[in-house]
Amino acid sequence: RRAKVTYVPNAGQKEVHADRHIIRMVASGNGAGKTCMGAHEAYWSATGFNTVLGIKTKVPSTVVVVLDSPAKIADVWLPELRKWYNIDDECVLHKNGKPYYSEITFKNGSRILFMMHLQEELAFEGIQVDFVIFDEPPPRHCFIGLSRGARKKGSAPKFLFIGTPISQPWLYEELWQTA
């Protein structure tokens with residue numbers, strides 16, 4: 001295997017990794033390590049082992065990463081995953097008829113699906129999920145649709161919101177203030 005750098009989370013990242021709430025939110029400016037943290041969380045869920053906390057989770061797992069732009073897959077998420085993990089050796093990347101990669105399938109059956117804010121509302125319905133990561137504040141219908149899919153039997157669903165909060169006031173009103 002090709003050697004990779006070892007992830008050592010900063011204080012803020014470690015606090016989020018250790019948090020056991022179903023819904024976690026990280027709202028900060030650029031350069032705080034939000035995407036790095038999200039990429040590790042996605043990988044850990046898909047592989048079933050959190051290397052920082054030493055915690056095992058059930059696999060196969062379905063992870064959905066919701067982005068504001070398809071360009072972020074190739075420009076941000078895949079480079080971040082490849083920086084830390086041998087993604088090309090461990091997984092198969094699929095385009096599924098799209099001009100960009102829309103899914104990563106792991107040998108253990110886990111999947112990371114990439115979805116976009118601008119997809120039709122019904123695209124977020126009917127998907128069985130274990131973990132959802134919203135990279136940038138999503139429209140409300142994205143969260144509502146995917147949260148319905150988090151009712152998978154035997155699952156311990158989680159949601160992670162990471163981003164710079166410059167839009168989507170519903171997050172503050174419906175989730176932040178009620179926490």
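Hi everyone, thanks for coming. Before we start, please keep in mind that this is a predicted model.

Let's begin with the sheet. It is open and has seven strands, in the order β1-β9-β8-β4-β7-β6-β5, and the pairing is mixed. At the edges sit β1, residues 23-27, and β5, each of which pairs on one side only. On average, neighbouring strands here are turned by 15 degrees against each other, if you ignore direction.

β1 runs parallel to β9, and five bridges join the two. If you want a place to look, find Met25, which stands opposite Phe161 in β9. On to the next pair: β8 and β9 are also joined over five bridges, in the parallel sense. There, Val132 has Phe159 of β9 as its bridge partner, and Ile133 has Leu160 of β9.

So how enclosed is β9 by the rest of the structure? Largely, because five of its six residues are buried.

His94 stands opposite Glu103 in β6. As a reminder, side chains in a regular strand alternate between the two faces of the sheet.

Next, the helices. α3 lies across β4, β5, β6, β7, β8 and β9, and runs at about 135 degrees to β4. Then there is the pair formed by α1, residues 11-18, and α2, residues 34-47: their axes come within 10 Å and cross at roughly 30 degrees. The crossing of α1 past α2 is right-handed. Which residues meet there? From α1 we have Gln13, Val16 and His17, and from α2 we have Cys36, Met37, Glu41 and Trp44. That contact divides into four nonpolar residues, two polar and one charged.

Now the interior. In soluble globular proteins, nonpolar side chains tend to be buried together. Here the largest nonpolar core has 32 residues, and those with the most contacts inside it are Val65, Trp77, Ile104, Ile112, Phe114 and Ile133. At least two residues of this core come from each of α2, β4, α3, β5, β6, β7, β8 and β9. Which element gives the largest share? That would be α2, with seven residues.

Let me zoom in on Ile104. Leaving out residues up to four places away in sequence, Ile104 touches Leu78, Leu81, Cys91, Val92, Leu93, Ser110, Arg111, Ile112 and Phe114. Apart from this core lies another one, of 18 residues, including Ile127, Leu146, Phe159 and Leu171.

One last stop, a charged residue. Glu136 is found in the loop between β8 and α5, residues 140-148. Is Glu136 buried or exposed? Its relative accessible area is 18%, and the cut-off for buried is under 20%, so Glu136 counts as buried. And what is around it? Setting aside neighbours within four places in sequence, Glu136 is in contact with Asp68, Lys72, His117, Ile162, Gly163 and Thr164.

That's my tour, and I'm happy to take questions.

Definitions and conventions. Residues are numbered from 1 along each chain as its sequence is written. This is a predicted model: local features need pLDDT of at least 70, side-chain atom pairs count only at pLDDT 80 or more; totals for chains, interfaces and linings use all residues. Side-chain values use heavy atoms; hydrogens and water are left out. Axes are lines fitted to C-alpha atoms, for helices over the stretch in contact, and angles run from 0 to 180 degrees between N-to-C directions. Helices (H or I, at least four residues) and strands (E, at least two) are DSSP runs, numbered from the N terminus. A crossing is left-handed if the near helix is turned anticlockwise from the far one by less than a right angle, and right-handed if clockwise. Contact means heavy atoms within 4.5 Å. Ala, Val, Leu, Ile, Met, Phe, Trp, Tyr, Cys and Pro count as nonpolar, Asp, Glu, Lys and Arg as charged, and the others, Gly among them, as polar. Two strands pair if DSSP finds at least two bridges between them. A nonpolar core is a set of buried Ala, Val, Leu, Ile, Met, Phe, Trp, Tyr and Cys residues joined through side-chain atoms within 4.5 Å. Buried means under 20% relative accessible area, exposed over 50%, partly exposed in between (1.4 Å probe, protein chains only).
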